[in-house]
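Dear colleague,

Please find below the structure that I am handing over to you. My notes on it follow directly after.

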Amino acid sequence: MTYVIAQPCVDVKDKSCIDQCPVDCIYEGGRALYINADECIECGACEPACPMDAVYYDADLPADLVGAAQSNRDFFALPLPGQTGPIGNPGGARRIGPVDADTELVRALPSQVAR
Amino acid sequence: MATTQNPPVRVAVVGAGPAGLFAAQALLAQSLMPVSVDIMDRLRSPYGLVRYGVAPDHPTIKSVVSALHEILLTPGARFIGGVDLGRTVTRGDLRASYDAVVYATGAPGDRKLGIPGEELPGSISATALVSWYNGHPDAPGIELTAESVAVIGAGNVALDIGRILTRPNTQLAATDIPTSVLSHLAAVPVREVHLIARRGPEHAKFSTRELRELGSIDGISAHVDPHDLMTPSDEAVDRRVRANLAVFRGWSEQPTFRSERQVRFHFYEKPVAVIGDDRVEAIRLERTAVDAAGRVTSSGQYRTVPVQLVVRAVGYRGTPVADLPFDPTAAVVPNAAGRVTGPAGGPLPGEYVAGWLKRGPTGVIGTNKVDARETVASLLDDWAAGRMRASAARPRLEEILGRRGVPVTGLDGWLAIDAAELRKGAAEGRVRSKITDWKSLNELAGALPGAAGN
């Protein structure tokens with residue numbers, strides 16, 4: 001169990017959650033942010049910080065967003081398009097910087113940019 | 001604009017808990033101002049409430065220690081244990097030895113209930129109980145001989161206490177809870193904990209995750225009276241409250257198993273008296289309501305619940321630090337974006353606050369990162385504007401303390417304690433076995449025996 005960042009983050013990436021995270025376990029993808037479950041200490045600071053209400057404890061994900069749990073895991077466990085191997089657990093997002101790639105779930109979402 | 005040829009600005013961070021360490025991190029992560037940071041604590045150990053406040057059965061949250069440890073290892077950072085502001089060191093000493101001081105000593109006091117009988121033996125603060133079950137060297141000895149306990153409060157500290165007191169011994173045995181506490185809990189098991197909240201479930205500050213955890217523990221049954229769940233409508237409340245209400249509703253539908261250890265939630269009740277001749281025998285509660293303006297109102301309906309221990313968990317409270325300005329109403333050091341505000345209302349150059357001492361005892365560990373960053377931004381602004389600058393002609397704090405015979409210890413001292421605790425734990429089949437007395441802690445850390453300290 002851990003916190004996950006769900007679909008409302010896609011194409012927004014407000015990043016307020018990153019400021020709050022004490023262990024730097026929130027990673028930036030191309031269109032969304034992702035939480036590394038192995039590095040998360042489950043303090044919950046990110047959840048109220050998000051203006052999009054995109055952060056959920058995975059057990060609390062509403063039915064239409066449940067895919068986010070797997071998507072957050074996939075971001076670290078699977079090789080992403082254009083990447084040589086899986087990201088794994090780098091021990092902090094600052095160590096690798098933004099990654100210009102996303103999981104299958106996020107790639108399949110239509111652009112959510114307003115206007 | 002100064003260049004990196006200038007001497008580094010010497011900053012003292014007082015308090016090595018999350019707030020102080022995140023302030024150190026923010027100072028060391030910037031490249032504008034050359035800086036060295038001495039992070040000091042009155043204890044021989046860093047990490048503050050992560051070590052002595054987070055419940056022993058929450059190892060995942062405690063694992064933030066590895067991130068905090070990295071801050072202590074950052075070039076430019078130094079840990080100094082045994083610096084007790086107001087006792088072994090004065091504010092003047094710090095101001096003399098450092099270009100800037102960030103105070104981050106937290107909120108070590110607690111709020112009182114303000115009711116008759118509160119001072120009876122068996123009526124204690126959450127801070128006392130939490131420091132006891134976390135093995136703090138200053139923890140009071142607690143004789144826990146209660147089968148029924150009232151915990152007053154509706155936050156995660158109240159929840160921690162309810163859970164630790166009722167959790168089966170076997171589930172705590174492998175944690176770093178002191179063995180003396182374990183044997184206490186085994187000798188006289190707590191059968192029921194009453195969690196008392198003056199407002200409704202929608203006002204409680206419990207986190208959903210921790211409520212759900214309580215309900216999932218083998219050997220504990222959680223209960224709430226369905227009548228207490230009637231008022232809130234899901235529309236009017238935020239997501240966390242909706243999720244909490246769902247957990248409470250699930251519990252309210254469960255049958256009561258008298259044989260199990262129970263945690264019972266009582267909403268809309270406030271304590272009016274702690275009752276007993278020479279120690280706690282019961283607590284008297286009055287039914288409340290919450291009016292349209294959100295105020296708690298009294299009903300004149302009372303009941304008495306037999307309990308042998310009353311724990312007030314109605315909030316931590318800041319206490320004055322040395323001769324720093326202090327706002328007794330808010331129980332914080334008055335400040336503007338982390339700059340300590342003097343009696344005349346203006347900032348005191350070179351003095352800053354972070355964490356609970358700055359904003360009051362709210363938020364989670366990560367909240368302190370944002371908070372500390374704001375304070376450090378103020379400090380950097382002051383430096384850039386020339387309101388605070390490095391001076392090479394400052395005495396070293398160690399020299400001042402050395403003359404006074406105050407033995408300070410460093411990161412090595414803490415690492416020696418850490419290693420000894422891990423070794424002892426491994427031998428006992430536990431994650432860690434905390435060393436809980438000052439003498440052993442001082443010896444392990446290398447503080448010279450016979451000198452001042454504790």
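A residue is called buried under 20% relative accessible area, exposed over 50% and partly exposed in between, with a 1.4 Å probe and protein chains only. Helices (H or I, at least four residues) and strands (E, at least two) are DSSP runs, numbered from the N terminus. By these terms, helix α6 (residues 126-133) of chain B is mostly covered, as eight of its eight residues are buried. Among them are Leu129(B), Val130(B), Trp132(B) and Tyr133(B). Just after α6(B), Gly135(B) adopts a positive phi of about 70°.

Please note that this is a predicted model, in which local features need pLDDT of at least 70 and side-chain atom pairs count only at pLDDT 80 or more, while totals for chains, interfaces and linings use all residues. Residues are numbered from 1 along each chain as its sequence is written, chains are lettered from A and ligands numbered from 1 in the order in which they are written, and side-chain values use heavy atoms, with hydrogens and water left out.

Chain B holds an open sheet of six strands with parallel pairing, in the order β6-β14-β7-β8-β10-β9; two strands pair if DSSP finds at least two bridges between them. β6 (123-125) and β9 (220-224) of chain B stand at the edges with a single partner strand each, so one side of each has no neighbour in the sheet. Five bridges join β9(B) to the parallel strand β10 (residues 261-266) of chain B, and Ser221(B) has Gln262(B) as its bridge partner there.

Helix α7 (residues 156-166) of chain B lies across β7, β8, β9, β10 and β14 of chain B, at about 160° to β10(B). Axes are lines fitted to C-alpha atoms, for helices over the stretch in contact (heavy atoms within 4.5 Å), and angles run from 0 to 180 degrees between N-to-C directions.

The axes of helices α15 (residues 411-428) and α16 (residues 438-445) of chain B come within 7 Å and cross at roughly 120°. The two helices are therefore oblique to each other (under 35 degrees is roughly parallel, over 145 roughly antiparallel, 65 to 115 roughly perpendicular, the rest oblique). Gly413(B), Ala416(B), Ile417(B) and Ala420(B) of α15(B) meet Leu441(B), Leu444(B) and Ala445(B) of α16(B).

Finally, Pro349(B) is placed in strand β18 (residues 347-353) of chain B and is partly exposed at 48% relative accessibility. Its C-alpha atom is separated by 6.3 Å from that of Met388(B), 39 residues apart along the chain.

With kind regards
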